[in-house]
Amino acid sequence: MRKIPVYAHPAAGWPALIASTRKLMDYKAFLRGSLSVLHSNQPKGGFDCPGCAWPDHKSHKTLDVCETGIKVIASEAMSTRADAKFFAKHTVKELQGWSGYELEHIGRLSEPLYYDAAQDHYVPISWQAAYAHIAKQLQSLDSPDEALFYTSGRVTNEPAFMFQLFVRCFGTNNLPDCSNMCHEPTSVMLGKQLGIGKATVILEDFEQAKLILMFGQNPATNHPRMLEMLAHAHKQGCRIISINPMREQGLSKFRNPQKPSHMVAGQSDNIVDDVIQIQIGGDAALLTGMAKWLTKNNKINTDFIEQHTSGFAELDNWLRQQSWTDVERGCGISKAEIINLAKLVADSPATICTWGMGITQHVQGDDNVAMITNLLLLMGMIGIDGAGASPVRGHSNVQGDRTMGIHERPKQSLLDSLERVFKRPMPQKDGLDVVAGAKAMIAGNIKAFVSMGGNYSVAAPDSSAIQKALTKNQLNIFVATKLNETMLYPGVDNLILPCVGRTERLITAKGEQFATIEDSMCQIVATQGHLSPIIDTLKSEAQIVADIATELFGSESSIPWQAMAEDFDVTRDYIAQAIEGFEDFNQRIRAADRGFHLYHPARHREWDTESGKAQFEVPKYPITYVASQMAERNAKFEADSKQKININSAVKNAQSNSESDSQNNTQASEQAVWQLTSVRSHDQFNTMIFGFQDRYRQTDRRDVLFMHPDEMSRLGWQKGDKVMVSRQDSDDKQRTLGPLILTEMDIAANAVATYYPECNDLIDLDTHAPDSKIPAYKSLTVILERVTADVGINAA
């Protein structure tokens, strides 16, 4: 076995402080950024970090922000402007060739821009002229359903509520958002099984848990503030198990920057007790094996099951039909290891299951969430202290946006409530999600695209096809703080509307405003920036929505758009009337330092489901789905290779060229079928690329393919080799990416990984989960081929 080079230092600590400081300077935001850091996640007047959605602890800290959060803050707080002078120097065609990293660092958008096709430049436009263009194009559509309105999870509650109201007043439910690409299986399956698609835990439950099972998560990179709570739980005696195809080095030890003793004395806390390295896509199989052993050995909570659940008999019957051979084949670890994990669950009086996108972003992502929930229900681990379901959202208000009504498939109760409050009909037909919206745009059925934040084409699968489709639209509108790739594929009318950032003060005619967000655990908190806006003429997202609505619907509209934008108390009063759980919103958000927790029925063992009870769900896909996909693809590949070799051999024999024949056999043997997953580096947040240093994985480039060194040895490959990645998509079309540079990682057998979003063109829009429609970013069956000749980067 070859030794794997590992990051030998604890997570966070001095390297995190140094990297954060450097990033503030890289963005030329040292002063503005440092001032913002001091106000980040602070109660009473601070702002909520625009990074991840990890909750704030009830105890107050003078500095409460992580390395990733500081990078996100630095990005927004930079003083450099991407203004008219910048765009006059660079054509859009030129900017299309810039990387995400380069675009991220050009500066803050500071004035409204309109694409001039004759010049191929973005040029300044007045706010009023921009609104006139927008209204004209939206009014010219044959149907409101020809428009697609996308939302990023950074949008706070008040403008999100206004945006969904505007879209529905316009006449459509086409409201895709970034949830469609991250935690949609969580929303769908928890909603179906527990009655609400959100976490059942609060932060304090982590202090009382005795067992934490972490599925498909890398907190050290994606939500570092979670590390402190994990380290604290571990110190309290909680056992923590990471279930992941990759052994992430940032989860071994944690040096807390908040503890002077840690920093000065070089101390650190342990985090995980063990890492279970299953196959990519093997989570449902692992959970099936655990549930199978627990039910057979009567290690389940029968009182809870009888009183609070429905569907146990069907699940139990299904579990009995699953063979241990299939369980092992499906997850890639032994029966003995699975039983040992099941025994830990059986012995734990308080278990939390927490998961990230390593669980959700699979074709069988719905099944993965269903089996996690099944496990918790079998053990009665919903509705008791120190236990429950803890999905960790990746963007600061992605959950809050959903609560505010940003949803393409709204509940009838929401539509009825909006009709009652605003005295006007709401569209009843379900709208388009990210996948369906992208397909409709590619087919030419979408004529207008409106993006409230985000980088739609780069975050979604089949990025190149979406970017091409954007150029066919009559109208594209982007409300944003920074330029990104999606904005560089303009349609007939293309407008960029710059907005105030989360770190900046929002002062209107009614005075200084604060907004609110909802974190991963249903806590509603206030957020109020302290920096002066990068330029005085910037508008808030709420004001932009109000201005477009006024231009489109007329000043006589019965809805007071301008009043809502100028005074968020007015908006919150409407939210209190329209959204369940927000009664007395203005009073409650001001009453406590850390806001208030939304009532969660399942946390109190109240089940808002069709049966009136918590629901067990039988998976739809075979537990050997991924293994079978690989075997099927491998058989096809071997047949194709054999045919190719036979043809080549016949030619070589005719030419008496045995040396060339041998070379072809060698080339074919170097190809193999693998399961590919996508990962984010330590120097990025979602599609934002801050730099190229992935500290814990010890690489400083993004064009890499991670593989276990033992697998390299088996193939006769070496670190630094160039490898092409290809797959057959749902239409049997070959997609390729590469060449990528082979790099070592402690990852499961038959598994490789590369960076998101660079790999997104490998994914077609039809490779997704059946109910949630989430794209399979985390599990693709691919062919690898080592190349020796110089080949240019190809992502087709």
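Helix H25 (463–470) contributes three residues, the largest share, to the lining of the second largest pocket. The model is predicted: local features need pLDDT of at least 70, side-chain atom pairs count only at pLDDT 80 or more, and totals for chains, interfaces and linings use all residues. Residues are numbered from 1 along each chain as its sequence is written, and side-chain values use heavy atoms, with hydrogens and water left out. Helices (H or I, at least four residues) and strands (E, at least two) are DSSP runs numbered from the N terminus.

A pocket is defined on a 1 Å grid over the protein atoms alone, as an open set of points where a 1.4 Å probe fits, with protein on both sides within 12 Å along at least five of seven lines; lining residues have an atom within 4 Å of a point. The volume is the space filled by probe spheres set on the points, which are joined across faces, edges and corners. For the second largest pocket this volume is about 740 Å³. Its lining has 25 residues, and Ser 99, Gly 100, Glu 485, Pro 757 and Glu 758 are the closest to the centre. Besides H25, helix H6 (100–104) and strand S29 (734–744) each supply at least two lining residues. By class, this lining divides into 11 nonpolar, nine polar and five charged residues. Ala, Val, Leu, Ile, Met, Phe, Trp, Tyr, Cys and Pro count as nonpolar, Asp, Glu, Lys and Arg as charged, and the others, Gly among them, as polar.

The largest pocket has a volume of about 1,400 Å³. It is lined by 36 residues, and those nearest its centre are Gly 191, Gly 195, Ile 196, Gly 197 and Lys 411. Two or more lining residues come from each of helix H9 (184–194), helix H21 (398–403) and helix H22 (412–422). H9 gives the most, with five residues. The lining comprises 10 nonpolar, 14 polar and 12 charged residues.

Helix H17 (residues 324–331) and helix H18 (residues 335–347) pack at about 90°, with their axes 10 Å apart. Axes are lines fitted to C-alpha atoms over the stretch in contact, and angles run from 0 to 180 degrees between N-to-C directions. H17 and H18 are therefore roughly perpendicular (65 to 115 degrees). Trp 324, Val 327, Glu 328 and Cys 331 of H17 meet Lys 335, Ile 338 and Ile 339 of H18 in contact (heavy atoms within 4.5 Å). Five of these residues are nonpolar, none polar and two charged.

Asn 368 lies in helix H20 (residues 365–378). Asn 368 is buried (under 20% relative accessible area, with a 1.4 Å probe and protein chains only), its value being 0%. Leaving aside neighbours within four places in sequence, Asn 368 contacts Asp 283, Ala 284, Leu 287, Ile 359 and His 362.

Note on methods. Parallel < 35°, antiparallel > 145°, perpendicular 65-115°, else oblique. Buried < 20%, exposed > 50% of the residue type's maximum accessible area, 1.4 Å probe, protein only.
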